[in-house]
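Morning, everyone. Please have the sequence and the structure open while I talk.

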Amino acid sequence: MQTELTTLPNGIRIISASRPETETVSLGVWINTGAAREEENINGLSHLLEHMVFKGTPSRTSFQIDAEIEDAGGQSNAYTSREVTAFYAKMLKGDAERALDVLADIVLNASFPEEELRKERDVVIQEIKQTTDTPDDIIFDYLQAQAFSGQPLGRAILGPAEKVAAYTADDLRRYRERFYKAGNICICAVGNIEHQTFAEMAAKRFAFLPADNNGSVPPQKYAGGFFSEKRDIEQAHLLLGFEGVSYHDEDYYPAAILSAVLGGGSTSRLFQEIREKRGLVYTVYSFINAHSMSGLFGIYAGTTREELKELVPVIADEINKIRTLPVSPEELKRAKTQFKASMLMGLESSSSTAELYARQMLAYNRIIPTEELTAKIDAVSTDDLLKAAKRIFNSRPSYVLVGDIDGHPSYEQIQKLLKATHG
């Protein structure tokens with residue numbers, strides 16, 4: 001599958017990957033902005049705008065926006081993350097231009113009708129309340145807040161309800177004018193479509209945008225710390241975080257493979273030791289969140305108050321092992337195979353491939369060939385893992401608890417268990 005790129009004079013990048021054997025096209029508009037670019041006074045505005053673009057333009061009502069996609073048997077959706085906002089669709093091959101026309105219209109021309117804004121603010125506030133009421137959701141916001149305290153990267157994507165309730169249509173227009181600029185935008189299609197045709201479709205709708213990208217991104221400096229919230233529920237939810245790496249960092253691939261070894265599946269060390277051998281949890285896993293200038297390495301577990309005192313030392317012990325002793329060749333091979341298999345399986349989906357290519361273009365300004373990605377994975381050694389583990393787990397921990405947590409180990413105990421000096 002060959003990818004092709006056209007860059008418009010204003011800086012918009014248009015990518016396609018042709019799959020002529022398929023009957024569909026996945027396409028979308030990815031914008032290099034999100035919660036990590038929001039000052040405190042506009043926290044949550046990226047996400048509210050993502051909702052509001054579907055509520056009408058000068059030429060389409062909210063119903064017409066949905067119907068134009070669904071009447072052709074297509075699907076459309078959107079999301080806001082900390083650094084990217086995306087609007088995308090999957091259509092039969094003959095309806096690609098219809099989908100792109102709708103996506104361009106809502107991204108560029110959404111009119112933010114006042115009555116719709118009143119309703120959608122309430123919808124988002126309900127979403128915020130639902131997240132707050134779900135301990136294994138809200139705990140990740142609490143972790144982010146501790147890891148990147150006082151910074152845009154540490155604030156919730158949804159924003160606080162009181163701010164969302166006060167945002168106006170003018171706030172949305174100012175945000176769109178500020179960030180929805182040509183240099184921040186990538187348009188991508190994967191499926192049964194010819195590149196030149198797709199590039200002309202996109203240029204027709206986006207070539208007039210100003211050649212600006214508002215490129216300044218607020219600093220992302222890991223902090224660490226402790227937060228707990230007692231709730232009258234059956235479980236104790238725990239997150240332990242450390243300073244991770246950015247997606248530009250040389251340790252990105254070692255960190256990803258390290259996470260697979262430590263807590264990436266049922267054969268991982270945490271799962272085997274904590275669930276299979278000791279029965280302390282139903283769920284335990286590790287993860288990495290890589291951002292443009294920093295990152296987060298995290299471990300999640302859900303347990304009971306009674307098991308918490310045993311669980312925390314076991315997690316710390318597994319961390320101490322993996323940062324002091326080399327990973328076995330068998331573990332390394334298994335983790336690499338899992339990583340590559342996940343990536344290659346994802347590339348079989350046109351939607352996942354469009355997402356990957358668009359985000360690569362925004363992050364690296366190029367599409368990384370699959371062969372290069374697999375080579376980077378294959379090149380990771382046991383020494384690389386040990387180096388990454390020492391770097392990550394010597395950072396100041398972020399320790400967050402929610403639920404039935406009476407008698408939990410203290411932050412100071414965590415630091416002692418990890419046998420390291422933290423600044």
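F208 counts as exposed, because its relative accessibility is 57%. The cut-offs: buried is under 20% relative accessible area, exposed is over 50%, and partly exposed is in between, with a 1.4 Å probe and protein chains only. This is a predicted model, where local features need pLDDT of at least 70, side-chain atom pairs count only at pLDDT 80 or more, and totals for chains, interfaces and linings use all residues. Residues are numbered from 1 along each chain as its sequence is written, and side-chain values use heavy atoms, with hydrogens and water left out.

Where does F208 sit? Its place is the loop between α8 (195–206) and β7 (225–230). These labels are DSSP runs, numbered from the N terminus: helices are H or I with at least four residues, strands are E with at least two. Leaving aside residues up to four places away in sequence, F208 touches N10 and L108. Contact here means heavy atoms within 4.5 Å. Now look at L8. It is 200 residues from F208 in sequence, yet the C-alpha atoms are 9.8 Å apart in space.

Next residue: F112. It lies in the loop between α3 (96–109) and α4. F112 is buried, because its relative accessible area is 2%. Its phi is positive, about 55°, although F112 is not a glycine. N365 also has a positive phi, near 60°, and is not a glycine. Find N365 in the loop between α13 and α14.

On to empty space. Rolling a probe the size of a water molecule over the atoms shows where empty space is left. The search uses a 1 Å grid over the protein atoms alone: a cavity is a set of points where a 1.4 Å probe fits but cannot get out, a pocket is an open set with protein on both sides within 12 Å along at least five of seven lines, and lining residues have an atom within 4 Å of a point. Points are joined across faces, edges and corners, and volume is the space filled by probe spheres set on them.

How many cavities of 30 Å³ or more does the search find? One, in the whole structure. The largest cavity has a volume of about 50 Å³. α12 gives the most to its lining, four residues.

Now the pockets. The largest pocket holds about 1100 Å³ of space. It has 34 lining residues, and Y252, A290, F339, L356 and R359 lie nearest its centre. Which helix gives the largest share of that lining? α13, with eight residues. The second largest pocket holds about 360 Å³. Its lining has 16 residues, with R82, D137, F140, D141 and I157 nearest the centre. Here α5 (135–147) supplies the largest share, five residues.

Last stop, helix α11, residues 305–322. The expected span is 1.5 Å times one less than the number of residues. For its 18 residues that gives 26 Å, and the end C-alpha atoms are 26 Å apart, so the two agree. α11 bends by about 30° at L311, and a proline, P313, follows within four residues. The bend is the angle between axes fitted to the seven residues ending there and the seven starting there. Buried residues of α11 include L308, L311, V312, I315 and I319. An α-helix has 3.6 residues a turn, so residues three or four places apart point the same way.
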